[in-house]
Amino acid sequence: MAKKNKEPKKITKKLLNKYRLVILNEDTFEERISFKLNRLNVFVMVTITGIVLIAGTTFLIAFTPLREYIPGYSSTSLNLKATQLASTTDSLETVINVNQEYYKSIRKVLTGDVKTVEFDVDSAIQSQKLNPEEIDLAPSARDIKLREEVSKEDKYSLFESEKSSTDFSLFPPVKGNVTSGYDVNEKHYGVDVAVTKDTPVKAASSGTVIFAEWTAETGHVIILKHNNNLLTVYKHNASLAKQQGEQVASGEVIATAGSTGELSTGPHLHFELWKDGFPTDPLNFIDFE
């Protein structure tokens, strides 16, 4: 038991034994600096210094830009550029999807690939019939107040506040006899107007040229995009006066009539009118004679 008690005392004594650290001048052996130390002090100082170094290094890595120089950490500028590229890529994908849908509608114009919708008129009317006994037709207080406000606005308004989306006027591209009319069953989505060769073909309305090329079946074709999701198509031209991307005014010459393409049987203009991606009878809007 005595030996076991002596061993801790020896360890404690070794830790608390004092030592002197002296720094001498090598030439004169003059004492310059001296420190009184013991092993416990040295251990505590080394431990505290290690903790401070570890804490300082952690702070530099976590809260300063110096971490970018350590392998494995990404640069802030690179992260910013990556975020910007991801946002730009997403925007481009959206634009591409919109353009693809737009090109599909143009492809339908060129190929005439239109699906007609068939439905039973009687069943459609029957589905819209309602039983008046099951509906409360009495106007509410809010409805009465709204009707009064609308009646006052209509009474004192001098101009119409809105116009229908189909309220537009078109300029006749050529003048002549209509030899073939609009016929969905025959997939003839326009009208054929007989004219002499090299007759000027004019824009039906102001817009942008979105297609001006040669096709084997319809010869020189030019397509204009107008407001209200409206497209006008001019086929079998002898030559084109406008290129893709150009702006044209209503009545401006865009081509000369001819008889180009495999489907042409003589000098004429094949004119088509498309609204919201579907063909429309041009005779409802234009008088060619």
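These are my notebook entries on a predicted model of one protein chain.

**Ground rules.** I number residues from 1 along each chain as its sequence is written, and side-chain values use heavy atoms, with hydrogens and water left out.

**Overall.** I looked up the secondary structure and found five helices and twelve strands, taken as DSSP runs (helices H or I, at least four residues; strands E, at least two) and numbered from the N terminus. Of the 289 residues, 24% count as buried, that is, under 20% relative accessible area with a 1.4 Å probe, protein chains only.

**His268.** I placed this residue in strand β11, residues 268-275, and it counts as buried because its relative accessibility is 9%. The side chain of His268 reaches the backbone oxygen of Gly266 at 2.7 Å. Leaving out residues up to four places away in sequence, I found that His268 touches, among others, Asp192, Val195, His236 and Gly258, where contact means heavy atoms within 4.5 Å.

**Cores.** Of its 23 residues, Val201, Ile222, Leu224, Tyr234, Ile254 and Phe271 touch the most other members. The elements giving two or more residues to this core are β4, β6, β7, β8, β10 and β11. Apart from this core lies another, of ten residues, including Ile106 and Tyr189.

Methods. This is a predicted model: local features need pLDDT of at least 70, side-chain atom pairs count only at pLDDT 80 or more; totals for chains, interfaces and linings use all residues. Buried means under 20% relative accessible area, exposed over 50%, partly exposed in between (1.4 Å probe, protein chains only). A polar contact is a pair of N or O atoms within 3.5 Å; within protein, one must be able to donate a hydrogen and the other to accept it, and residues adjacent in sequence count only if both atoms are side-chain atoms. A nonpolar core is a set of buried Ala, Val, Leu, Ile, Met, Phe, Trp, Tyr and Cys residues joined through side-chain atoms within 4.5 Å.
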